Structure formats: structure tokens, C-alpha cells
Amino acid sequence: MFDSEKRAVVVVGAQWGDEGKGKLVDILAERADWVVRYQGGANAGHTVHIGDMQVVLHQIPSGILREGVRCALGNGVVIDPDTLFTEIDELVADGIDVEGRLYVSDRAHLVLPHHKLLDAETCAGREIGTTGRGIGPAYEDKIARRGVRVLDLRHPDRLRMLVGRGVAFANMQLQHAGSSRRADLENTLAMLGRIAPRLLALADDVGLAIHRALAGGAAVLLEGAQGSLLDVDHGSYPFVTSSNTTSGGAAVGAGIAPMTIRGVLGVVKAYTTRVGNGPLPTELDEELSERLRRLGNEYGATTGRARRCGWFDAVVVRYAARVNGLTDLAVTKLDVLDTLDRLAICIGYEVDGDLHTEFPSDVASLEKAMPRYEWVDGWQRPTSDARTLAELPKPARAYLDRIEALVDAPISFVSVGTRRDQIIGLPD
Ligand code: GDP
Ligand code: IMO
Ligand code: MG
């Protein structure tokens, strides 16, 4: 993905999350100097397999598994300071050297216990089926200018005032929601007091660091979390997350200029999954959904919830290609489809008798959408040992060719298993 022109490249999910971004970032990070998360927080679960070891990263960029690569959490991320250090300590226990190569933007907002409480106790969280990590309430406070940032940890008096305001507001909302639970200011301040020295030791002006790195010719990977259809502006609103997951969010959330970004890799599964509530037009009947879930191990990496499974939706991915400006596509989990005798690709939605080929902005239309399918032959042969396109069965190549034509973005990578080496990387 990197060349002399392309020094900053974004990796985004082009469906509803869990497309395999972690695996692709890990692969691309081999040639990167920096990997930066730009939005979301501990709602993400990015899985990387190295040999027999499986690592699930929630807040730390997947580049941390590549020796010498510097990693950063940009200003657009909402940081859960408590679980961040659990994650760091687990990596260190697994023998991964984190010391001196993890940075946190001092402008990033904090996810505090009252945000998690609100996420769990209010109906907004339940209706959407959130991950319960406090993401929505933390971004609400940020936008309402009520948030607490990493840099506030440097000023104990200001911190007490800001956290006090946040806790009082949260308790009012909890009372309004009919919950008997309340957030506690002193407990929150005690937790922050414990982690402040460690967090402040990582705090930096990440935008400036990345700007300087790019000026010096470094290769920077911007790691998206969630998926394009969970973007608060472009996704299946209101069944979305609370940040801009798409490539536009990368510049804002990392603190760099949009024009520095030259490459955008969209990661898609060879089928579709979704975890949480909201429409999924190509959702399979329970029997086939369960079969794919079993074959693809489709359980949430953060919450363990069963993922809902559907056929590949070309309307969704073509839309994602447009809003992200995808320059490349990575198709993952092709191997999961190996045993199916035929496959469907959704090419449009019928809504009230009309055929729509563009993704609708109104979730009510999406809920009514009846997918129009094109059926193709399965290949019924293993693909997990293929390392070149030529080694794939003909129907698998035809399936990929059809996807490429329908979504209007070139496929540069095909993933055929969980391991690092199970990738077909097409020549640039
Ligand atoms: P992310 O959130 O986009 O990083 O994706 P997740 O880690 O939540 O979910 C993707 C899952 O698919 C993980 O368990 C990966 O190990 C797994 N995976 C990624 N690529 C492949 C592949 O090509 N084949 C198979 N079978 N599994 C894959
Ligand atoms: P990665 O980065 C899949 C979903 C939740 C819920 C909605 C809002 O691993 O792809 P939130 O907790 O963000 O307020 O929940 O978004 N969601 C994800 N789905 N993968 C994720 O992350 C997700 N992060 C959030 O299930 O429907
Ligand atoms: Mg995930």
C-alpha cells in the first residue's frame, strides 16, 4: 500500500465492523513506521493471530505487534484509561515490548465510569445494542463541551471540577432514566489519581508527531475501528456508533491534514456480518446464519455476542467505496465460504416495488428493503492454502471478479485464513 507518494494510508471497515481490519493492519504494519487509531475506543475488538497466539486489541493499534513500529491513539479516540493499562499489561505479559513506542494524544477525551454506567442503564444503549463500553455517552460529553481530556490530568483542581460536573450530569440522567445506580466522584478521582502518572507519561501532541514523521518520509497507517455502516453520519443511523469511522474521520481524529492521505484500504468480509441491533438487509435464515457463524467463528471479539450473518451486499460496499474514496479493497474470510454450493450477492434493494441501487439514508427504507440477488456457483474446495489468485478455484475467482465489478474498487488483498501468511497480496 505504501510507495513514495503514498505515505499516509487509512484502513477502514467497509461493512458493519469486524471485517478483519486487525489482520490487515498487522500485515501492512510490517512496512509502516507508525500506526494510529483515530476514532472509537474500547468498543473495538481487533484480532491478530501470530503463530499459535491470538491477540485481541481494543484500544491499542494492531501495529503494536510489529517490533519497532510506533503506535498512537489520536485525539479522535475516546480513551478508557482503566482498561488501557490492563491491555498494555497483558501485551507485556505476552512478551510484547510496548515501552517507549505507545503515544496518546493529550487532546483525546476520557471514557469514565459514569459513561459506562449510562451506556448500561439507559434505553438508548439497549435499543442500539451497544458494546456497553461508554462510547456514546463519552462522545456526547465531548460534543456538549462537558468532556474530560487527557491533558486535564495535569491539573488536579480543574480535573475535580470537570469530573464533578460530568458525574453530576450523569447522575441526573440516571435518575431520569429510572435507574437506582449512581456514579461516584471520589471513586472516579481515586482511579484517575492512580492511572494519571502512567497515562501522562504517554501523553503527547500526536498530530504534531505524525506531521513531523510524514515530513521526514515515514509511512503512517491510520487504523479505523468499527465499519463505514456504523459511521454516525454515513451509517444506518440511529443504529450506528458515535464517531466518524470513515476515512474523513482519519484526518480529523489523527490531527493531520486530509491532503496527506493518499491511500484508503477498505476491508470487507466475503459475506456480511453485524453485531447489535439495526437492519441487515441480506441477513440469512437462522440455519444458514448458524452455519456461517460456526464456519467463520462469528462471535464478537469485544462482547462475545453471536454475530448476525448475511450474503455479501454490493450496495453497501459500493456505498462505502464512495464515501471513503477507497483506492483498494481487501476481501477477508473467503475460506469460510469454501463448503457452500452456491452464493448470493445483493445487487439492489426492492423498496415498495421500486429497485434501489444506492444505499438509502432513511433506516425505515432499509428495514423494508428486499434484497435483489445474483446467484453464483460455490467452489467446494479449500482455499486456505492459496497464496496467489491463480491458486484459487475458478468459481472463487469469478466471485471476487464480480464483487470487484459491482463495488467499483480494485481488490488488492484476499485473506484465506486467520494467520498472517494466509493472504493473497496482489501486485501493486
Ligand atoms: P476487526 O474488528 O475488523 O479487526 O475484525 P475482528 O477481529 O473483530 O473479526 C475478524 C475475525 O475474523 C477474527 O477472529 C480474525 O481472526 C478472523 N479472520 C480474519 N481474516 C480471516 C480469514 O481470512 N479467514 C478466517 N477464517 N478468519 C479470518
Ligand atoms: P470493530 O472495530 C462490530 C456496534 C455495536 C452496536 C453499535 C454501537 O471490532 O469492528 P457502541 O458501543 O459503539 O456505542 O455500539 O456499534 N459496534 C461494533 N460492531 N465491530 C465493532 O468494532 C463495533 N463497535 C461497535 O454492536 O451495534
Ligand atoms: Mg472487531
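I started at Thr241: one of its polar side-chain atoms lies 2.6 Å from an oxygen atom of ligand 2. I counted a polar contact as a pair of N or O atoms within 3.5 Å. Thr131 also places a polar side-chain atom 2.6 Å from a ligand 2 oxygen. At Gly45 I found a polar backbone atom 2.9 Å from an oxygen of ligand 2. The protein covers 98% of the 560 Å² of accessible area that ligand 2 has on its own (Shrake-Rupley method, 1.4 Å probe).

The model is predicted: local features need pLDDT of at least 70, side-chain atom pairs pLDDT 80 or more, while totals for chains, interfaces and linings use all residues. Residues are numbered from 1 along each chain, ligands from 1 in the order written, and side-chain values use heavy atoms without hydrogens or water.

Next I looked up aromatic pairs, meaning Phe, Tyr or Trp (six-membered) rings with centres within 6.5 Å; planes under 30 degrees apart are stacked, over 60 edge-to-face, the rest tilted. I got five pairs. Tyr319 and Phe359 are stacked, 4.9 Å centre to centre with 15° between the planes. Tyr319 is buried at 11% relative accessible area, and Phe359 is buried at 8% (buried is under 20%, exposed over 50%, partly exposed in between; 1.4 Å probe, protein chains only). I also noted that ring pairs link Trp311, Tyr373 and Trp375 into a cluster.

Last, I checked charges over rings (NZ of Lys or CZ of Arg within 6 Å of the ring centre and within 35 degrees of the ring normal). The charged end of Arg342 sits over Trp375, 3.7 Å from the ring centre. Arg146 lies over the face of Phe169 at 3.6 Å from the ring centre.

Methods. A polar contact is a pair of N or O atoms within 3.5 Å; within protein, one must be able to donate a hydrogen and the other to accept it, and residues adjacent in sequence count only if both atoms are side-chain atoms.
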